[in-house]
Amino acid sequence: MKAFCLNTATNVAPFGGPVGEMAIGGLTLAEVQNLALVAAGFERVDTPPSEGAYLLFSDRTWFTSDLLRQLAGAGPGRLRVLDEGWQAWTKAQQKLEEPGLYELGICEGAPSFEAMKPLDLALEFHEMALGELHPSFSHAVKNPIRMGAAMVHQIDHWSHLVRVNQLSLGVRMEEARADWDGASFVGKAWRLFKILLKARSLNGWKIAASLSEYGKNTTVHPTAVVEFSVLMDGCEIGPHAVVRGSVIGEGAVVDSHAVVNASSMGAGSKVGRFGHINLCTLFAGSMVSTGDGFQVSVFGRDSFVAWGATVLDLSFGAPIKVEVDGGGRESVGHHFLGAAIGHRAKIGHGVKIGYGVAIPNDVLLVDKADVLTRWGDGPLDQPAIVRDGVAVARKP
């Protein structure tokens, strides 16, 4: 079956540009869409077919190959997902005509989502296990994370990049789960044998390391830990670095002692020495230096974050609000979200960024706190502070 993409001219602030260039799983949204289409047996075309049914999707819609297979067998109609748990977790900032109604379906005739009747698919979701949480953090998971092999999400806001990259990483686990559940006893035994053969050990850590995928010319230091991850061509993992459940794009670098957890790094991006990212998305060419640890944040193409910068990510009060089109602020419905750093933006040492904030493209943001530029007549026999760039006595 053929597939045609409808251009919505969506721009995702603060990044701008075609929505198809948004970073998903170490690639772009457009690249991920094409891979899913091929895996599901669809042929993408540049003009809508004049005869017969075809898949219609928009440039801002992320989907999995499993979902496409289900749509192909369901007949004409526009996908509507009625799972209330899925809607509760994903609805914030999505521009949907009605809850669960997506820009995706099997079309006949002229390409138009408005002309298509809703098609309800009973997709299977389950709640993702997060492990035991500290009581101080439990309020941040108001809506349980829903996961499945067949998933869809529109990208209308930068916060969606965080969520869709989470889902994209989860798809690999879901596909492995489905492959295991569908295998016969002999098939399961053969899969276990291949895993043990690759690990060459019964050690659990070595088995976890063997479940990663390695591209061509990857460099992994012997002291590094890499588990359940995808390393694309030419990437480099430095001494004592830790990479878990992540996608490391082509030519990307995880420097010595850095930690990358459940994150996606675009081509040529870098996490510097002792850097720490969790649930983050890095566009191509971005660099994140060590700081106080960065979580659930998005770093734009060729952006730079210096040593000592901080992005807050947890609200202990009301749910976090983000800027939306028109200049207003809306709640994301939960308490755990970092910030978005625009393309080519530079964040200096000591800068502290609040949760839910979007930094525009091309800006330079530096800390305005007093910096010692000369000692001057500052005291030598008692504590001193910095005021207007010089040292002065600290008053009791």
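Predicted model: local features only at pLDDT ≥ 70, side-chain atom pairs only at ≥ 80, totals over all residues.

Q: How are the rings of Phe294 and Phe299 arranged, and how far is it centre to centre?

A: They make an aromatic pair of the edge-to-face kind, with 85° between the planes and 5.7 Å centre to centre.

Q: OK, how many aromatic pairs does the count come to?

A: The count is five aromatic pairs. Take Phe15 and Phe283: their ring centres are 4.9 Å apart and the planes are at 35°, so that pair is tilted.

Q: Why tilted, with planes at 35°?

A: Because stacked needs planes under 30 degrees apart and edge-to-face needs over 60, and the rest count as tilted. With 35° between the planes of Phe15 and Phe283, tilted it is.

Q: Where do Phe15 and Phe283 lie?

A: In loops. Phe15 lies in the one between β1 (2-6) and β2 (23-24), and Phe283 in the one between β25 (281-282) and β26 (287-288), so the pair ties together parts that are 268 residues apart in sequence.

Q: Are those two buried or exposed?

A: Phe15 is buried, at 4% relative accessible area. Phe283 is buried as well, at 3%.

Q: What about the tryptophans, which aromatic cluster do they form?

A: Trp86 and Trp89 form one aromatic cluster together with Phe125. There's a charge to mention here too: the charged end of Arg163 sits over the ring of Trp89, 5.5 Å from the ring centre.

Q: Switching to charges, then. How many salt bridges does the structure hold?

A: It holds 11 salt bridges. One of them joins Asp156 and Arg60, at 2.7 Å from N to O.

Q: Which parts of the chain does that pair link?

A: Distant ones, 96 residues apart. Asp156 is in the loop between β12 (152-154) and α4 (158-182), while Arg60 is in the loop between β5 (53-58) and β6 (61-63).

Q: Buried or exposed, those two?

A: Asp156 and Arg60 are buried.

Q: Which residues do salt bridges with shared partners join into one network?

A: Arg60, Glu103 and Asp156.

Q: And Lys2, what does it form a salt bridge with?

A: With Glu43, the closest N and O atoms being 3.9 Å apart. Lys2 is in strand β1 and Glu43 in strand β4 (residues 43-45), so to speak two distant parts of the chain, 41 residues apart.

Q: Why does Lys2 count as partly exposed?

A: Because its relative accessibility is 37%, and partly exposed is what falls between under 20% for buried and over 50% for exposed. Glu43, at 46%, also counts as partly exposed.

Q: Last topic, Ile341. Where is it found, and what does it touch?

A: Ile341 is found in strand β33 (residues 340-341), and is buried, with a relative accessible area of 1%. Leaving out residues up to four places away in sequence, Ile341 touches several others, among them Phe15, Phe299, Val298 and Ile353.

Definitions and conventions. Residues numbered from 1 in each chain as written. Heavy atoms only, no water. Phe/Tyr/Trp six-rings, centres within 6.5 Å; stacked < 30°, edge-to-face > 60°. Helix = DSSP H or I, 4+ residues; strand = E, 2+ residues; numbered from the N terminus. Buried < 20%, exposed > 50% of the residue type's maximum accessible area, 1.4 Å probe, protein only. Lys NZ or Arg CZ within 6 Å of the ring centre and 35° of its normal. Salt bridge = Lys/Arg side-chain N within 4 Å of Asp/Glu carboxyl O. Contact = heavy atoms within 4.5 Å.
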